[in-house]
Amino acid sequence: MDLKVCAGIVLYNPEIALLKKNIGSLSPQVEKVLLYNNGSTNFGEIKAEFSTYDGVEIIDGKENRGIAFALNQILFWAEKNGFPWVLTMDQDSVCADNMIAEYSKYSNRNEVALISPYVLNNGKTTLSELKAMELPNVTEINDPVKCITSACLTNVKIAKKLGTFNEKLFIDCVDIDLNCRVLEAGYKILRINTTYLIQQMGVGKTIPLFEKLEKLTHIDIFRRAKSVAVYSDKRLYYHSRNSRYIRKKYKVHGRQTTAWFIFAYYMYFSIFYPHDRSRIKMWKAMVKGFNDAQKLYK
């Protein structure tokens with residue numbers, strides 16, 4: 001293997017069958033897969049299933065201290081075990097079988113800090129649609145929102161130099177925060193369009209109106225709007241809080257963290273979330289998150 005790389009997956013009550021598929025796609029491509037348990041209630045099942053897998057190591061974090069803390073433990077483990085690059089993965093995502101081979105073509109550039117794939121998110125874009133786009137093999141990413149944690153190949157040395165993942169954020173915008181620092185420091189983020197990740201963000205809900213409009217018009221905004229991820233109110237609290245923190249801290253933070261975009265995004269949630277969700281509780285969580293962002297600067 002030309003590229004010495006390990007992979008790390010943060011686990012929080014994973015669906016075992018999907019996790020098996022995830023590990024199955026990763027194991028042939030990397031030297032080691034680290035499973036970091038972030039307070040899962042089904043850890044006994046995880047341990048029973050995966051402890052005998054070759055090339056898989058399990059660390060039990062005992063409690064959920066947030067995605068940023070867990071990602072840092074993976075980063076430190078990679079450094080300790082001599083891996084200059086670590087692929088971070090979500091538990092419910094599945095990578096293409098050519099991912100590391102494609103990444104390795106660009107990993108020898110000193111200025112490259114992060115390498116990501118094209119993300120097929122919640123069925124908004126199919127693999128056949130991706131191939132039909134005829135994109136260039138590689139795209140340099142200048143918007144920090146456009147590179148997510150899952151399937152991101154991270155240069156361990158550079159990530160540590162820039163301060164690692166921000167544990168104050170707990171969950172949400174953790175990747176954007178690191179991406180902002182990467183770009184501000186003059187390093188590069190690449191998206192490799194010749195490989196892909198199949199990702200499920202939350203429980204996806206299809207919006208039939210936008211699905212029909214996308215088929216009729218092929219307008220990109222309808223493609224992105226045709227499936228909404230259904231998040232908990234707690235998750236929306238962290239998104240509201242952390243996106244405001246990002247806006248205040250960094251000059252270049254990406255269009256999707258601007259106040260107007262976030263407001264429109266939450267209005268979209270309010271309209272298209274399942275009918276049994278309380279909009280009042282949802283907005284209370286988001287407003288509280290917005291106000292609590294002040295505490296992150298202390």
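Q: In which helix is the place of Phe263?
A: Phe263 has its place in helix H11, where helices (H or I, at least four residues) and strands (E, at least two) are DSSP runs numbered from the N terminus. This is a predicted model, in which local features need pLDDT of at least 70 and side-chain atom pairs count only at pLDDT 80 or more, while totals for chains, interfaces and linings use all residues. Residues are numbered from 1 along each chain as its sequence is written, and side-chain values use heavy atoms, with hydrogens and water left out.

Q: Is Phe263 buried or partly exposed?
A: Buried means under 20% relative accessible area, exposed means over 50%, and partly exposed lies in between (1.4 Å probe, protein chains only). Phe263 has a relative accessible area of 42%, and therefore counts as partly exposed. Phe76, which lies in helix H3, is also partly exposed, at 32% relative accessibility.

Q: Which residues does Phe76 touch, leaving out those up to four places away in sequence?
A: Contact means heavy atoms within 4.5 Å, and on that basis Phe76 touches Lys160 and Thr164. Phe76 and Lys160 are 84 residues apart in sequence, but their C-alpha atoms are 8.8 Å apart in space.

Q: How many residues does the largest nonpolar core have?
A: In soluble globular proteins, nonpolar side chains tend to be buried together. A nonpolar core is a set of buried Ala, Val, Leu, Ile, Met, Phe, Trp, Tyr and Cys residues joined through side-chain atoms within 4.5 Å. The largest one here has 38 residues, and those with the most contacts inside it are Val86, Leu114, Val182 and Ile246. Among the elements that give two or more residues to this core are strand S1 (5-11), helix H7 (174-184) and helix H10 (233-249). Its largest share, eight residues, comes from H3. A second, separate core of 31 residues includes Val5, Leu35, Ile46 and Leu153.

Q: How many residues of H10 are buried?
A: H10 is mostly covered, with 12 of its 17 residues buried, including Leu236, Tyr245 and Ile246. The buried residues of H10 pack against H7, helix H11 (259-272) and helix H12 (279-292). Leaving aside neighbours within four places in sequence, Ile246 is in contact with Cys173, Ile176, Asp177, Cys180, His253 and Thr257.
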